[in-house]
Amino acid sequence: MPHLAAAYNLARWLTRYDQDAEDVVQEAFLRAYKFFGNFHGGDSRAWLLTIVRNTCYTWLRQNRAHELTEEFDETLHDVTRVDVNPETLLLHDAQQQLLRQALEALPVTFREVVIMRDLEGLSYKDIASVTDLPLGTVMSRLARARTRLQQYVTAHLHTEAERGL
Amino acid sequence: MDCDETQDLLHGYLDDELDVVSSRALTQHLQACPACMQAYEAQLTLRTALRTSALYCTPPPSLHKQVRAEVRRASRAETRPMWWTWGGLSVAVAMALVVLLVWGGGLEHRRAPVEAHVLQDVIAGHVRSLMANHLTDVFSGDQHTVKPWFEGHVDFAPPVPDLTAQGFPLVGGRLDYLDNRPVAALVYQRRQHVINLFVWPAPPGAARPASTVTHHGYNLVQWTTADMTYWAISTLNAQEMQTFAHGVQQHIAPL
């Protein structure tokens with residue numbers, strides 16, 4: 001199956017559970033098969049991911065609607081500037097878990113752009129087409145999401161340092 | 001460019017998504033502004049952490065089978081009245097699988113010739129790599145470091161020729177984005193010239209011998225083997241570029 005890994009990775013990050021991701025991927029491939037007639041060439045991975053994403057959103061709406069209305073809390077932190085020392089972000093194994101938590105803590109509409117860009121390597125143009133968002137929104141969501149990830153990781157590392165871990 | 005603008009464009013810069021003019025302005029600002037440089041470096045570290053992490057979720061091996069079975073079932077349900085006499089694996093199922101396989105990659109070559117646009121992409125990729133100070137993601141002259149790095153970053157295994165003996169030391173590798181897909185960029189050096197060698201999988205039957213192009217002062221050599229497309233670009237003179245291309249070809253198909 002082409003792009004199964006990409007489909008699963010996105011579904012797993014959007015639904016956050018293995019079994020839910022598997023269900024969504026099966027459903028998405030069925031839809032892809034059914035709508036194959038609508039595929040007019042171009043990047044087949046982006047086309048499939050669009051279907052996976054739509055299937056995820058339908059699934060979330062039916063099962064965990066609150067996750068879709070979660071807002072990006074701007075009041076918690078000032079997201080325009082972060083004072084982060086790059087060295088504190090040199091992640092090793094233990095901190096990978098932290099990065100995972102940080103990603104899962106992002107609202108789904110922000111999480112997905114990071115997954116598509118940094119894990120899947122899609123271009124802004126492809127992300128815009130998969131999410132049906134303007135390019136500028138893709139860029140600004142990425143900026144806010146990554147800044148938040150950085151804050152999350154840094155804050156936890158500082159807490160650990162204070163506890164003497 | 002001031003700090004606010006820089007913050008706005010920083011992520012486009014990190015992702016090589018800016019136009020050349022903004023990219024250059026941003027590079028200049030970063031060199032002059034330690035605060036923005038620090039923000040940039042922090043983001044670069046985060047991005048590297050994300051990309052090199054084990055955060056990519058791979059599907060369980062069983063899922064592949066399940067999905068295929070589902071698609072088969074669906075195609076059978078749709079087509080039974082017509083095809084049931086074929087029994088077992090119906091023609092419709094075979095067709096469904098062919099459709100999925102074709103869709104996997106074969107469709108690329110149905111598109112109109114994209115040479116001109118690929119050429120532009122290759123030049124843009126080369127220029128970006130030099131201007132955005134983003135020449136390599138993996139900085140190593142050792143092919144045994146660079147080659148495994150790509151395994152985690154692209155869905156194919158680009159050959160990484162060692163051309164030190166021919167006078168083209170390897171500098172490193174980088175992930176780039178050309179022709180609407182992620183590609184491997186290998187970086188070599190000859191005196192002060194940087195050579196980018198872009199490699200990505202070719203559709204079946206696309207093989208063609210090397211051709212050279214000169215465009216905007218860049219010398220490019222392009223060829224396609226049975227499985228990969230290669231584009232080499234540099235400001236190096238045409239003759240040395242051909243020596244380089246020849247070295248690469250000998251490495252991938254030793255005579």
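Below is a short exchange on why parts of this predicted model are described as they are.

Residues are numbered from 1 along each chain as its sequence is written, and chains are lettered from A in the order in which they are written. The model is predicted, so local features need pLDDT of at least 70 and side-chain atom pairs count only at pLDDT 80 or more, while totals for chains, interfaces and linings use all residues.

Me: Why is Asp126(A) called buried?

Reply: Look at the count around Asp126(A): 24 other C-beta atoms lie within 10 Å. A residue is buried if 20 or more other C-beta atoms lie within 10 Å of its own, exposed if 12 or fewer, and partly exposed in between, with C-beta atoms placed from the backbone. Asp126(A) therefore counts as buried.

Me: Where does Asp126(A) sit, and which residues is Asp126(A) in contact with, leaving aside its neighbours within four places in sequence?

Reply: Asp126(A) belongs to helix H7 of chain A. Helices (H or I, at least four residues) and strands (E, at least two) are DSSP runs, numbered from the N terminus. Beyond the neighbours within four places in sequence, the contacts of Asp126(A) are Asp43(A) and Ala46(A). Two residues are in contact if their C-beta atoms, placed from the backbone, lie within 7 Å. Trp47(A) is 79 residues away along the chain, yet its C-alpha atom is 9.0 Å from that of Asp126(A).

Me: What makes H3(A) oblique to H7(A)?

Reply: The axes of H3(A) and H7(A) (residues 124-131) cross at roughly 40° and come within 8 Å. Axes are lines fitted to C-alpha atoms, for helices over the stretch in contact, and angles run from 0 to 180 degrees between N-to-C directions. Angles under 35 degrees count as roughly parallel, over 145 as roughly antiparallel, 65 to 115 as roughly perpendicular and the rest as oblique. The angle between H3(A) and H7(A) falls in the rest, so the pair is oblique. On the H3(A) side the contact uses Ala46(A), Leu49(A), Thr50(A) and Arg53(A); on the H7(A) side it uses Asp126(A), Ser129(A), Val130(A) and Thr131(A). By class, that contact has 3 nonpolar, 3 polar and 2 charged residues. Ala, Val, Leu, Ile, Met, Phe, Trp, Tyr, Cys and Pro count as nonpolar, Asp, Glu, Lys and Arg as charged, and the others, Gly among them, as polar.

Me: Why are H2(A) and H3(A) called oblique to each other?

Reply: Helix H2 (residues 18-34) and helix H3 (residues 44-63) of chain A cross at roughly 125°, with axes within 9 Å. That angle is neither in the perpendicular range nor over the antiparallel cut-off, so H2(A) and H3(A) are oblique. Among the residues that meet are Val24(A) and Ala28(A) in H2(A) and Ile51(A) and Trp59(A) in H3(A). The contact of H2(A) with H3(A) has 9 nonpolar, 1 polar and 3 charged residues.

Me: What makes H1(B) and H3(B) roughly parallel?

Reply: Helix H1 (residues 3-14) and helix H3 (residues 34-52) of chain B pack at about 25°, with axes 11 Å apart. The angle is under the parallel cut-off, so H1(B) and H3(B) are roughly parallel. Leu10(B) and Leu14(B) of H1(B) are among the contact residues, as are Tyr40(B) and Leu44(B) of H3(B). By class there are 8 nonpolar, 2 polar and 1 charged residues.

Me: How do you know that E2(B) and E3(B) pair?

Reply: Count the bridges: 8 join E2(B) to strand E3 (residues 181-190), and the two run antiparallel. Two strands pair if DSSP finds at least two bridges between them, so E2(B) and E3(B) qualify. Asp176(B) stands opposite Val183(B). E2(B) and E3(B) form a hairpin with 2 residues between them, and Asp179(B) in the turn has a positive phi of about 50°.

Me: How many bridges join E1(B) to E2(B)?

Reply: There are 2 bridges between strand E1 (residues 138-139) and E2(B), again antiparallel. That meets the pairing cut-off, so E1(B) and E2(B) pair. Phe139(B) has Gly172(B) as its bridge partner.

Me: What makes E1 and E5 of chain B edge strands?

Reply: The open sheet has 7 strands in the order E1-E2-E3-E4-E7-E6-E5, with antiparallel pairing. E1 and E5 (208-215) each pair on one side only.

Me: Why is E2(B) called mostly covered?

Reply: In E2(B) (residues 170-178), 7 of its 9 residues are buried. Helix H6 (residues 108-119) of chain A is also mostly covered, with 10 of its 12 residues buried.
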